[in-house]
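Hi,

Here is the structure I promised to pass on.

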Amino acid sequence: MLIRNAPDLTENDVTPHEVYLQRRQFMAGGIAAGLGLAGAATAAPLAFKPSKWSTTEKRTPLDDVTSYNNFYEFGVDKDDPAKNAGRLKTQPWTIQIEGECAKPGRYNFEDILKTAPLEERIYRLRCVEGWSMVIPWIGFPLAALIGRVQPTSKAKFVSFETLMRPDQMIGQRSPYLDWPYREGLRIDEAVNPLTIMAVGLYGQTLPNQNGAPIRLVVPWKYGFKSIKSVVKIRLQETQPKTTWQMLNAREYGFYSNVNPTVDHPRWSQANERRIGEFRRRETLMFNGYGDQVAGMYRGLDLRKFY
Ligand SMILES: Nc1nc2c(c(=O)[nH]1)N[C@H]1C(S)=C(S)[C@@H](COP(=O)(O)O)O[C@H]1N2
Ligand SMILES: [Mo]
C-alpha cells in the first residue's frame, strides 16, 4: 500500500478517500473475480410504508445509485462494486449483537426483518469526497433493533463491523484498509429517529454493491459512516475505533458530521456535485438534517470533534 502526500497529487489522482495501492497487485485480484459470477443478485420487491422523514428532492436514478459506489471490499474504483459484488453470498446472513445489553445473541436476517415495519426513507447521501445522491432507502429505525436487545446503562456507544470474506470480497485480499471495515456511533446518534438499518432501495432488496443484505444509513454524516453488509453490532462503554480514523485520524474523525465550514485537510467541503447534475450545490450543515440532529451536538466544538 502506498499513501502519497498532498504535494504529489494532481486532480486525476483524487481517487476515493485518497487511498492508493499498488495497481498491479490489485489487478491480479480483479482477474480472479472476473472468472466468478458478475452482476447483481436477484432483487425481490419489499412492502413498505412512506415516512415523514423523506426529502421531496429529485431522486438519483437507480442506474447511478447501483453503478457509482464506494465499497472497498470489492475494489477502490467507483465501478468496481457493481462489477465484483455479484459473487457475494448474502444467504444465510446473521448479525451478532453483543456487549452491554440484556439480550445479546446471533440474530438471523429473517428475524431481524421482523424488528419493525419497513419504511421508505428518501435521504440525501453526501460522500466525503464531494459528491452526493438522493436515495429511496427501505429500512427500519436502528433504535428498534437496539431496543430489542435491551441495552444496559453502560451502553454509551455502538460499533459495527462488515463481513470479512476475502474469497468473495476481492478487495479484502489487499490490506489497503484494516479489514473488517468498522464504524461507530454514539448511542444517542444510533437511536436518533433518522438513523436506519436499510435492507432495500427503490422498492427492492438491496443490490450487493449497496451493502446487501443489511447496512446502516446515517444521513447527516459523511457516507463512509453508513457501513455496508453488517455482521456485528456491539454496545459498549468506550468510543469505538473506526476504519477511516485508524487509517488517518487527522483527516477522518469519529463524528464525521457533514459540515461545510470544516474543510477536509486537503479539500473544501463547502459544496458538492449531485450525481447527474452539472452545477455544484452548496453543502448544507448536517447535510440539511440540522433540525433533527443539531441538538445532540450543542456545546461540542465541531472543529475539534470533526
Ligand atoms: N463496508 C463498507 N461500507 C461502506 C464503504 C466501504 O467501503 N465498505 N464505503 C462507504 C462510503 S465512502 C460511502 S460514500 C457509502 C456509499 O454507499 P452507496 O454505495 O450505497 O451509495 O458507503 C459507505 N459504506
Ligand atoms: Mo464516501
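**Ligand 1 and its surroundings**

A nitrogen atom of ligand 1 lies 3.3 Å from a backbone N or O atom of Asn70, which makes a polar contact (a pair of N or O atoms within 3.5 Å; within protein, one must be able to donate a hydrogen and the other to accept it, and residues adjacent in sequence count only if both atoms are side-chain atoms). Tyr72 also uses its backbone: one of its N or O atoms there is 2.7 Å from an oxygen atom of the ligand. With Lys228 it's the side chain, where an N or O atom sits 2.6 Å from an oxygen atom of ligand 1. On its own, ligand 1 has 540 Å² of accessible area (Shrake-Rupley method, 1.4 Å probe), and the protein covers 100% of that.

Before going on: this is a predicted model, where local features need pLDDT of at least 70 and side-chain atom pairs count only at pLDDT 80 or more, while totals for chains, interfaces and linings use all residues. Residues are numbered from 1 along each chain as its sequence is written, chains are lettered from A and ligands numbered from 1 in the order in which they are written, and side-chain values use heavy atoms, leaving out hydrogens and water.

There are 18 residues around ligand 1 (a heavy atom within 4 Å), with Asn69, Tyr72, Glu73, Thr162 and Lys228 coming nearest. That shell divides into 8 nonpolar, 7 polar and 3 charged residues (Ala, Val, Leu, Ile, Met, Phe, Trp, Tyr, Cys and Pro count as nonpolar, Asp, Glu, Lys and Arg as charged, and the others, Gly among them, as polar).

**The cavity**

Strand β4 (residues 131–141; strands are DSSP E runs of at least two residues) gives the largest share of the lining, 4 residues.

Most peptide bonds are trans. The one from Gln91 to Pro92, however, is cis, with omega near 0°. Trp179 and Pro180 are joined by a cis bond as well, with omega about -5°. Finally, Gln150 has a positive phi of about 55° although it is not a glycine.

Cheers
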